[in-house]
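User: I am new to reading protein models and would like to go through one carefully, question by question. Could we begin with how far it can be trusted and then turn to how its parts meet?

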Amino acid sequence: MSSESKEYRHLDKLLVSSSPHIRSPESTSRIMWTVVCTLIPAAGVGVVVFGWRALIVLMLSTGAAIGCEYLIQRLRKVPITIRDGSAVVTGLLVGMVLPPTVQWYVPVVGSVVAIGIAKHLFGGLGGNIWNPALIGRAFVHVTFAEQMNSGWHLLKPSRLFVGDVMKVAGENVDAVSRATPMTLIHQTVTGGEPEGINSLSEVLSVSQSGSGPFMPDPAHALLGYMNGCIGEVSVIALLLGGLFLIWRGYVKWYVPALYIATVAVLAALLPVTMHVNEMGLGDRWIVPMFSEGTGQATLAVGATYVSYHLICGGLMLGALFMATDMVTSPITRKGLIIFAVGCGVLTVLLRTYGGYPEGVCFSILLMNTAVPVIDRLCKPRVYGTGKAVAGKGGK
Amino acid sequence: MVHKFNGGVHPLSHKDRTRGLAIEVLAPNGVLAVPVSQHIGAPAKPIVAKGDAVLRGQKIGDAQGAVSAPIHAPTSGTVVNIAPINGQFGRPVMAIHIEADGLDAWAEGCNIERDPDALSPKELLDIVREAGIVGMGGATFPTAFKLTPPPSKPIDAVLLNGIECEPYLTGDHRLMLEQGEQVLGGFRLIRRILGAKIAIIGIEANKMDAVAAMRKIVGSEDIEVAVLPVKYPQGAEKQLIKALLNREVPSGGLPMDCGVVVQNCATAAAVWQAAAKNIPMIERITTITGDAVRRPGNYQVRIGTPFEQLLASSRITSEANKLVLGGPMMGLAQQTSELVVTKGTGGILILEHAESFEGGPCIRCGRCVEGCPSGLVPSALSVLGENLKFDEAADFNVADCIECGVCTFVCPSRRPIVHYIRFIKDELRRQAVREREAAG
């Protein structure tokens with residue numbers, strides 16, 4: 001940098017702008033690309049657990065998102081903003097909420113709907129009301145329902161990453177096929193299958209062998225070795241990424257904390273139905289936390305049930321990365337608290353009493369809908385108004 | 001006991017460049033141009049003519065009305081012209097041009113020895129008014145007017161603002177270190193004028209040497225020297241009142257509405273000078289600094305000194321492309337450096353490689369809401385301004401914005417939020433004028 005010094009200097013050609021004249025180093029693209037980095041661990045575990053097909057799904061969803069944004073901005077003749085990384089975040093998230101066995105067009109359609117409809121039809125970055133990745137997922141959930149509700153395969157431990165997750169039969173079987181833990185829980189608590197299960201503890205200890213559904217070993221579940229969508233299986237990887245975002249200040253800690261806590265409390269206390277016996281006689285309502293009584297060993301059953309609610313079904317991914325999307329969540333602290341609790345309530349209600357074993361996606365979308373009203377009603381207190389000025393205070 | 005104010009931000013302070021530099025006194029030479037308007041309120045009316053000889057401290061312009069201030073000759077010499085010069089608001093301002101004769105001789109009655117404690121509050125007020133003292137923290141509000149609140153608003157607390165929260169600036173810091181006796185002397189007089197029970201000096205924690213100096217001078221007197229955490233805008237009047245007294249100025253009101261008056265430490269020193277020595281406001285401390293200034297400094301400089309005299313020895317780099325009067329958060333960017341030092345020039349900031357920011361869409365990250373010390377939703381205001389929705393902006397309390405710049409500083413989209421807010425306020429002001437005129 002040249003440091004010419006002059007005895008006298010007359011300065012003109014000066015930049016004139018409104019104050020302030022300095023800026024913090026933060027930028028939109030820095031935020032977006034940081035989020036991408038924090039998603040990579042969870043996506044990585046998904047690729048390991050589900051194999052190279054999962055990698056292709058992620059690449060397709062991300063590529064389609066970028067391509068769609070580029071095309072739309074070209075057509076509209078507005079500046080191309082793919083470098084800010086927001087399309088990459090959306091594309092990656094779309095891929096992460098898909099099962100690993102979907103056909104190539106599913107991630108592409110999901111991303112095109114997410115970027116084209118949920119984002120750019122609303123005016124582009126900052127203008128959308130609904131989380132684009134979740135809109136994309138909701139769309140493919142309904143449009144390609146069969147693919148989205150089946151194909152829950154998992155690579156065998158000996159074939160991680162290299163195996164073909166579609167090979168579940170015939171020679172060289174690479175993967176096993178199971179219903180997801182959430183599906184199992186959902187079926188049970190809505191008074192459906194499986195038969196012969198008379199209590200929560202029986203559900204939770206369903207054997208892992210055989211072709212029936214199984215509840216994953218807790219350690220496996222935390223690491224990510226379980227059925228589910230590509231990016232939602234590894235709690236530890238998601239937490240690592242999420243905690244980093246909290247540390248950086250991009251995510252307010254109380255949003256995922258309240259969301260998860262609300263789910264935990266409601267899952268423990270909301271009554272669910274259990275079949276009593278094969279004949280379907282005497283369906284009874286139980287409160288999961290106390291279903292086996294209130295002794296210490298039996299509270300553990302309730303606690304295990306609650307912990308599966310937290311670990312499975314995309315709650316971690318949703319609480320850390322979807323409910324915390326800046327554009328589609330409230331802008332004030334009060335509003336965010338209401339939003340987080342609302343997401344938690346809806347998630348448990350949908351999971352426990354709803355038709356799908358899925359609650360996170362739709363609960364967040366529903367709360368997104370409420371955000372404009374929440375923002376209106378939850379404005380912060382303006383300095384110099386309200387109770388603070390009632391008295392003269394003191395010293 | 002120090003309280004918190006909501007919001008705020010921590011920009012890099014850059015004060016290490018000049019905090020250790022003792023005040024350099026710049027002797028007057030050449031032509032000094034004293035503007036008739038250096039304060040809020042009506043400009044002064046010149047009472048000298050071209051060709052007149054003037055002495056240092058002699059009154060050269062009368063105050064016009066209650067919210068106004070007189071102006072005085074900063075040195076002895078001859079009035080060579082009464083003509084406009086570049087003003088800090090981008091418009092020319094009338095000024096009295098005085099060519100220094102090198103003698104720097106005092107006017108009669110100035111620079112005497114007087115016991116300020118023997119003066120009554122009314123006498124002190126007259127002295128402050130006659131001395132042309134205005135708020136030196138940048139607002140330049142006529143001090144005599146500020147020290148005359150109506151009887152319906154009794155004052156029980158007076159605060160001395162030694163915060164200097166703007167990055168880069170260190171003038172007040174050095175003043176408290178080197179001329180602390182005068183600062184305290186003036187503060188005592190202000191307290192006596194107002195009859196305030198509570199007197200607190202507020203200093204930010206990045207100036208512990210000034211805290212020690214002031215505490216030593218205060219001794220066992222009943223004045224508290226409070227240390228406040230470093231957070232911008234701690235030195236904003238409303239936030240200071242909240243932090244030191246846990247009171248809030250009512251929306252739309254003034255500090256006197258909650259029994260408080262706040263004065264900058266340099267203003268207090270000027271009050272002491274006027275009371276104890278009958279010296280009017282003819283000089284001030286200015287920090288010239290910035291990343292384009294190779295030789296920054298704190299200067300004691302006469303009002304009316306052309307900037308070129310300060311720039312000449314400051315070694316400005318060739319990439320300098322922004323000149324700001326004041327600090328980087330709230331200062332006024334200038335079109336030219338051909339300006340003079342006025343009563344409000346606390347800092348001259350010269351920046352290089354300054355960028356202009358286009359600003360993208362609001363991504364609703366909420367950083368501006370977290371940071372706003374007034375409890376507003378700046379992002380909403382910026383979007384309303386962008387879309388010309390002025391009336392809705394009024395519902396969002398746009399009038400309570402103190403334009404501190406925190407929102408714009410933190411915005412990742414680089415939106416010019418304060419600029420939108422000024423745009424809205426301007427339009428609402430015009431609307432109000434139109435309505436008043438229509439009502440007849």
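Analyst: pLDDT is the predictor's confidence in each residue, on a scale from 0 to 100. It is needed here because this is a predicted model.

User: What is the mean pLDDT of chain B, and what share of its residues reach 70 or more?

Analyst: Within chain B, the confidence is lowest in helix α10, where the mean is 90, and highest in helix α11 (residues 406-410), where it is 97. For the chain taken as a whole, 100% of the residues reach 70 or more, and the mean pLDDT is 94.

User: Which helix of chain A has the lowest mean pLDDT among the elements of that chain?

Analyst: Chain A has a mean pLDDT of 85, with 85% of its residues reaching 70 or more. Among its elements, the highest mean, 97, belongs to helix α4 (residues 105-119), while the lowest, 66, belongs to helix α8 (residues 200-204).

User: Where in chain A does the pLDDT stay under 50?

Analyst: One such stretch has 11 contacts in the model beyond four places in sequence, and this stretch is residues 207-211 of chain A. Another, with 13 contacts beyond near neighbours in sequence and a pLDDT below 50, is residues 391-395 of chain A.

User: What area is buried between chain A and chain B?

Analyst: The contact draws 54 residues from chain A and 85 residues from chain B. On the side of chain A, the residues that lose the most area to chain B are A:Arg23, A:Ile331 and A:Tyr383, which together make up 14% of what that side buries. Carbon and sulfur atoms give 55% of the total buried between the two chains, which is about 5,800 Å².

User: How many salt bridges does the rule find across the interface of chain A and chain B?

Analyst: One of the pairs that can be named joins B:Arg367 to A:Glu26, with the closest N and O atoms 3.9 Å apart, which is a salt bridge because the cut-off is 4 Å. Over all chains the count comes to 31 salt bridges, and across the interface of chain A and chain B the number found is 5.

User: Which residue of chain B meets A:Arg376 in a salt bridge?

Analyst: The N to O distance in this salt bridge is 3.7 Å, and the partner of A:Arg376 is B:Glu392. The pair crosses between chains, from helix α15 of chain A to helix α10 (residues 390-395) of chain B, where the partner is B:Glu392.

User: How many residue pairs are in polar contact across the interface, and how do the residues of the chain A side divide?

Analyst: With both residues at pLDDT 80 or more, the rule finds 24 residue pairs in polar contact across the interface of chain A and chain B. The residues of the side of chain A that touches chain B divide into 21 nonpolar, 18 polar and 15 charged.

User: What is the strand order in the open sheet of 6 strands in chain B?

Analyst: The edge strands, each of which pairs on one side only, are β1 (24-25) and β16 (332-333) of chain B. Inside the sheet, strand β15 (residues 320-325) and strand β17 (residues 347-352) of chain B pair in the antiparallel sense over 5 bridges, and B:Lys322 stands opposite B:Leu351 in β17. The pairing of the sheet is mixed, and the order is β1-β14-β13-β17-β15-β16.

User: Which residue in the turn of the hairpin of β7 and β8 in chain B has a positive phi?

Analyst: Strand β7 (residues 77-86) and strand β8 (residues 92-100) of chain B run antiparallel and are joined by 9 bridges, and B:Ile82 has B:Ile96 as its bridge partner in β8. The hairpin leaves 5 residues between the strands, and the turn residue with a positive phi, of about 85°, is B:Gly90.

User: Which peptide bond in chain A is cis, with omega near -5°?

Analyst: Its proline, A:Pro20, lies in the segment before α1 of chain A. The cis peptide bond runs from A:Ser19 to A:Pro20.

Terms used:
Residues numbered from 1 in each chain as written. Chains lettered and ligands numbered in written order. Predicted model: local features only at pLDDT ≥ 70, side-chain atom pairs only at ≥ 80, totals over all residues. Heavy atoms only, no water. Contact = heavy atoms within 4.5 Å. Buried area = accessible area lost by both parts, 1.4 Å probe. Salt bridge = Lys/Arg side-chain N within 4 Å of Asp/Glu carboxyl O. Polar contact = N/O pair within 3.5 Å; in protein donor to acceptor, adjacent residues only side chain to side chain. Nonpolar A, V, L, I, M, F, W, Y, C, P; charged D, E, K, R; others polar. Helix = DSSP H or I, 4+ residues; strand = E, 2+ residues; numbered from the N terminus. Pairing = 2+ DSSP bridges.
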